Amino acid sequence: MSPPRIDDIVIIGPGRVGQTLAALWLDAGLPVRVLAGRNPENVSHALRFLRGAVGRGGSVQMPLGVTELAAAVGSGRIVVLCVPDDALASLVGRLAQLPLELNEHIFVHTSGFHPVSLLAPLQERGAEVASMHPLAAIPNPADGMERVP
């Protein structure tokens with residue numbers, strides 16, 4: 001029996017949680033293809049962190065930095081939303097309006113505050129939805145890499 005296929009991962013939100021999850025997943029060999037955010041400087045900062053924190057023992061394919069939402073979502077099947085709680089509903093609204101087929105996508109939010117039902121507009125478009133919380137305080141990505149189980 002062959003191992004299950006791990007689909008390409010897109011992380012939207014280049015902050016502490018997004019950087020931490022990207023680093024941990026890249027270190028584990030998972031295909032994080034895109035790290036996206038609205039602010040190019042924040043995306044560049046996150047990619048610099050990843051280049052310094054990941055793959056010290058071998059070669060790791062670094063994600064692309066993307067600022068355009070449709071391009072980000074179109075780059076992978078699993079889309080992890082790592083934005084602040086107060087920005088999540090707005091992001092979901094923008095995602096639900098994208099002129100893309102979403103029925104092959106899985107959207108996951110990392111908020112410890114919002115229920116998964118906040119992603120209902122994406123589910124109505126055919127996407128699978130879920131939520132997960134890292135269950136650790138992440139004051140910065142380096143500490144987050146040590147704290148997230």
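Helix α1 spans residues 16-27, 12 residues in total. Its first and last C-alpha atoms lie 16 Å apart, close to the 16 Å expected at 1.5 Å a residue (1.5 Å times one less than the number of residues). Helices (H or I, at least four residues) and strands (E, at least two) are DSSP runs, numbered from the N terminus. The model is predicted: local features need pLDDT of at least 70, side-chain atom pairs count only at pLDDT 80 or more, and totals for chains, interfaces and linings use all residues. Residues are numbered from 1 along each chain as its sequence is written, and side-chain values use heavy atoms, without hydrogens and water.

Buried residues of α1 are Gly18, Gln19, Thr20, Leu21, Ala22, Ala23, Trp25 and Leu26 (under 20% relative accessible area, 1.4 Å probe, protein chains only). Their cover includes β1, β2 (32-36), α2 (40-53), β4 and α6 (141-147). Just after α1, Gly29 adopts a positive phi of about 85°.

Helix α4 (residues 85-96) also has 12 residues. It reaches 18 Å from first to last C-alpha, close to the expected 16 Å. In α4, Leu88, Leu91, Val92, Leu95 and Ala96 are buried. They cover an arc of only 130° around the axis, so they sit on the same side of α4 (directions run from the helix axis to the C-beta atoms). These buried residues pack against β1 (9-12), α3 (69-73), β4 (78-81), β5 (106-109) and α5 (120-124) (contact: heavy atoms within 4.5 Å).

The protein chain holds 6 helices and 6 strands. Their order is β-α-β-α-β-α-β-α-β-α-β-α. Of its 149 residues, 44% count as buried.

Conventions: Buried < 20%, exposed > 50% of the residue type's maximum accessible area, 1.4 Å probe, protein only.
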